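Keep the structure open while you read.

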Amino acid sequence: MRGLLQFTLDLFDGLSADAPETPVPSSEKFKPDRPSAPVLPADPALSLTDALTPARFAHPRASREVQLGNARVAYEFTRGQRRTIGFVVGAEGLSVRAPRWVALRDVDAALQEKSGWILRKLAEADQRHARLEATRIEWRDGVSFPFLGEPVVVRLDPKHGFKGVGAVLETTDPDAPRVLRMALANNATPAQIRDAAQAWLTRQARRIFIERLDHFAPQLGVRWNKLSLSNASTRWGSASADGAIRLHWRLIHFRMPVIDYVVAHELSHLRVMDHSARFWETVESVVPDYGTLRKQLKDESIPRWS
């Protein structure tokens, strides 16, 4: 007998880190005899809503399809040199990876065994995608986007050069959104407005990230020696043993406490290069509410730029 199921969830939707495969608790593992196992029935715990509203989930690279409860799920299936059946639910849908020796009926049984988990994660992924689509930016005069957790409204101002910096954030009524004036023509293209906004945001990101790195490094007893702004699609930040820190420039959309959590997280890796209990204790020593902030980083939607 061998444990066969592992579950993962891509929490980043194109900007989140690929989650490492996480074993399910031993009491929940699906353990077929090698090489086969009996096929288990579908999860009976379906709500009346589920029963009355059939759903369909389809991965763009789907090669197999299965009925899970009242939902039809087309999923990407691959085999490889591995010991477990792995489920990954991401923005594109369900991916299943299995050892070469596992029979397809074992894969089907594993899917039925955890159909409730799979359907819940697929529904959550769909909801995240809908939230992201709702935040898609249409680049024009008057568009807004979050900066440090607060909305900023773009206004095109072709008559002002802003001393070569391209844009300036005005101090206005504290009860009204701040205005970012850009030295662009009124007929500027969406791409020109987007690029000018990104240039301004990356300048702000570098300045603020350096301030926060310098704030937390002495508290953690570490030294960083290089900051790079990242545009990666898989993680918010990374740290190297030589003191190099990479932070995604789009963290600048979040409130400062969330930025502080990510900065402290990466600096803590200069002391503990893993995610052990000692690592999280290190993070907690400077950001006591890191758990809440970590959840906000995962749950809050940031605007789509494309």
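Helix α4 lies across strands β12 and β14 and runs at about 140° to β12. This is a predicted model, where local features need pLDDT of at least 70, side-chain atom pairs count only at pLDDT 80 or more, and totals for chains, interfaces and linings use all residues. Residues are numbered from 1 along each chain as its sequence is written, and side-chain values use heavy atoms, with hydrogens and water left out.

**Sheet**
- Three strands make an open sheet of mixed pairing, in the order β12-β14-β13.
- β12 (226-230) and β13 are the edge strands with a single partner each, so one side of each has no neighbour in the sheet.
- β13 pairs with β14 (residues 244-248) in the antiparallel sense over three bridges; pairing takes at least two DSSP bridges.
- Ala-239 sits opposite Ile-245 in β14.
- α5 packs on the sheet and touches β13 and β14, its direction making about 155° with that of β14.

**Helix pair**
- The axes of α4 (residues 190-220) and α5 (residues 256-268) come within 9 Å and cross at roughly 55°.
- Residues of α4 including Phe-209 and Leu-213 meet residues of α5 including Ile-259 and Val-263.

**Ser-238**
- Ser-238 is found in β13 (residues 237-239).
- Ser-238 is buried, at 18% relative accessible area (buried means under 20%, with a 1.4 Å probe and protein chains only).
- Beyond neighbours within four places in sequence, Ser-238 is in contact with Ala-244, Ile-245, Arg-246 and Glu-266 (contact means heavy atoms within 4.5 Å).

Technical notes. Helix = DSSP H or I, 4+ residues; strand = E, 2+ residues; numbered from the N terminus. Buried < 20%, exposed > 50% of the residue type's maximum accessible area, 1.4 Å probe, protein only. Axes fitted to C-alpha atoms, helices over the stretch in contact; angles between N-to-C directions.
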